[in-house]
Each structure stands twice: as structure tokens, then as C-alpha cells.
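Hi,

Here is the structure I promised to pass on to you. Have a look at it first, and then read my notes below.

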Amino acid sequence: MNIVILGCGRVGSTLARMMFKDGHNVTVIDLQGEAFRRLGPRYKGNRIIGNGIDEDVMRRAGIENADVFVAVTQGDNRNIMASQIAQHVFHVPKVIARIYDPVRADRYRQLGITTLCTTTIASGLIRDFVTRDEWGLKRDYSRDYLEMNV
Amino acid sequence: MYIIIVGGGNVGYYLGKQLLAARHEVLIMEKDRQRCRTISEELGEVVMQGDGCEVAMQTEAGFGRADVVVAVTGSDDDNLVVCQMAKMEHNVPRTISRVNDPRNEKLFHQLGIDATVSSTKIIYNLIEQEVGGGEVIPLAALNRGNIEIVEVEIGAKSPVLNKTISSLALPEEALVISIIRDGHAILPSGDTRIQLDDSIIALVNADREPQLREVFAERAE
């Protein structure tokens, strides 16, 4: 699968390493070259330095052949705009954006972007754990992280 | 009219000042507290501190009764989301966005923004007008059909000088609609001959503009 990831922070870099390890063709975009250090020495996928809301940068990242586009920068609006470019200009089949603001996450979900609001997800999981003493996740994803030997 | 300006930089500030002078009701939304203070010292109580992308802030600012929302921050992504949320949440009749990267204009129209302004493109066009002979200069766009109205000045080195309209190798979906000659607009026929200092006005599908430019391009000597 060809996957383009915008933003090489903790989530972006971890996702990139997971997908690479699983044998996918991964490209990560970030404004800052230093961010790629998070990918570690075992990641052998592509790295592109550039602005993710610039169509030329997206093209360089191979967006035209991408099966999936994931926007996980720190900026909600940057993620929203990049996702809409991926969806409307490049017609990427699967577009996912992490959006911290629950309202924006909801509205853009209605416009056809798969939005992941980590604010409500984390809050909900914690609430359930506090009130019902049960952990909502079926699987411990943090083990996957630790298994990669950071 | 009630006009909300998101972004209190120089563009937002001077735009607000002009609209106030024209007796419109104006609200400027700006994130930075210090900047808010500066603006309210100059223009009075027309500033609100806050993030114009947040729905709660938009509601508080009265987006629901705004006639126009103008987004003029320095970030295209912020401007886009301000305008889209204004439409989706508050049905604002007219949204206008400043576009810093001119290539985003087309995308913004596609995503439902009513109007866009790109100072980069305007300045670029002015420079082209100054230096370029035979350049195709966009005058206006008929957005719905992706059609541009363009103007070409005919100089002494123009390859089409003294040619008739019908002999021009115009691309498909390009139409010469008028010639401005000695300050008068004339409606040309196929036999009309192009003269020095003519301005040719044409309609062209934006996708065909490069081919149209090719027809009028002055070659280097």
C-alpha cells in the first residue's frame, strides 16, 4: 500500500515506522528536517521536507499514486486543508486527519474526511476507566510501540 | 452591513478602518492580545480577542447575523477553515478569503469560498504588465465556467501585427471579443487587421490560456 503521512511528530513518526515494518511503501512529509530523527535508523521509507499544503510538495511525496493520506501535524487547520487537497485535487481513496477540536472533527467528518479526534477519544477512554474500571481498548497498542525498540 | 474580519494584521486593520469610515458595522477578530490592544486604541471597541476558527468564538462574535466574513490572516489554512466553518455553522451569505499562495485560489472556490483575493497574483500581474510585451493579462474570471477574460497589448515586435483575426491560430475555447484601438472598443470581424498599440480582449478557458499566450508571445531577437 502507498501511504503518505503529513507531520513527523510522535504520531506521524510512529505510524510511519509501523507501516514501514509491515512492508508498506511509506512517505513522510515535515517542514523541519530534524523531525525525521524520530523515525530512527530502521526506517528506510521516504522523507520529504516541505509544506504539506503545497500541491508541488504533495506531488513530490507521490500523492498521485497514494492509497492513503494521513494528516497528523500539530495544526488542525493545516490537517484539514491538506486532507481536502488530497481528497479534492488528488482523489486519494482514503484520507484521514487527526483534529484536536471536536467541533471541527465532527463537521469535516460530514464532508467525507475520516477525522480522528484524539481529544474525545482520550477523554472517553479515561472516563470509562475511571467510572467502570474497565479499559476500552481491546488491545494494548503501547506494546506495539515498545516492541519496535525505540 | 455587518462585516467580520478575521485577522488583525495590516490587511485586517486597514480594511477595518476603511469599512468603519464607510459606516459599516465592523468586528475584527485577532488571536494576539497585544495586537488587539493596539487596534482598539486606534479604532475603538471593534476588536475581539480569540481564535476565529473556533465555533464558540464565531457564535460569540455574531457570525449568525454577519453579512460578510473576511479572512485575512497570513495562513491560507486558517483562512480556509474560518470561511468553511462560517458557511457550515452560521450560513454566512458571503465569505471572502485572502490567499497567500495564488495557486490556492482555484481550490478555495472548489471548496465553497465565495471570493478570494491574492495580493501575490495582483502584484505579479502588475509587474507582467510593466515588463512583458505580448503578455496575456487576466482581467477577470467567470468562475462558474472556468472562463477568463484576458487582455493582450500588441507591441511593435508582436508576431500577430497586421494579421487578420481569422488568420490567428487561436486554440479551441478562445474567442476574441473586442479590440481597444485609440481608446475606443471595436467589435472585430474575422477580417479585422490587428494594428500597433491595439489591446485585444479575449475570452478563454483557463486551461487553454497557455496556448493563447503562445499565439501572442513575442520572440526574443
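One term before we start: two strands count as paired if DSSP finds at least two bridges between them. In chain B, strand 9 (residues 174-181) and strand 10 meet that mark, since three bridges join these antiparallel strands. Within strand 10 of chain B, B:Ala185 is the residue that stands opposite B:Ile180.

Please keep in mind that this is a predicted model. The average pLDDT of chain B is 89, and 94% of its residues score at least 70. For the complex, the predictor gives an ipTM of 0.88 and a pTM of 0.74.

Chain B has an open sheet of five strands in the order 7-8-11-9-10, with antiparallel pairing. Strand 7 (136-142) and strand 10 (184-186) of chain B each have a single partner strand, so these two stand at the edges and one side of each has no neighbour in the sheet. On average, neighbouring strands of this sheet are turned by 25° against each other, direction ignored.

Helix 7 (residues 209-216) of chain B lies across strand 7, strand 8 (147-153), strand 9 and strand 11 (199-205) of chain B. This helix runs at about 150° to strand 7 of chain B.

Finally, the place where the chains meet: 14 residues of chain A are in contact with 14 residues of chain B. On the chain A side, helix 3 (76-88) and helix 4 (102-110) of chain A are the elements that give two or more residues. Helix 3 of chain A gives the most, with seven residues. By class, this side of chain A has six nonpolar, four polar and four charged residues.

Best wishes

Terms used. Residues numbered from 1 in each chain as written. Chains lettered and ligands numbered in written order. Predicted model: local features only at pLDDT ≥ 70, side-chain atom pairs only at ≥ 80, totals over all residues. pLDDT = per-residue confidence, 0-100. Helix = DSSP H or I, 4+ residues; strand = E, 2+ residues; numbered from the N terminus. Axes fitted to C-alpha atoms, helices over the stretch in contact; angles between N-to-C directions. Contact = placed C-beta atoms within 7 Å. Nonpolar A, V, L, I, M, F, W, Y, C, P; charged D, E, K, R; others polar.
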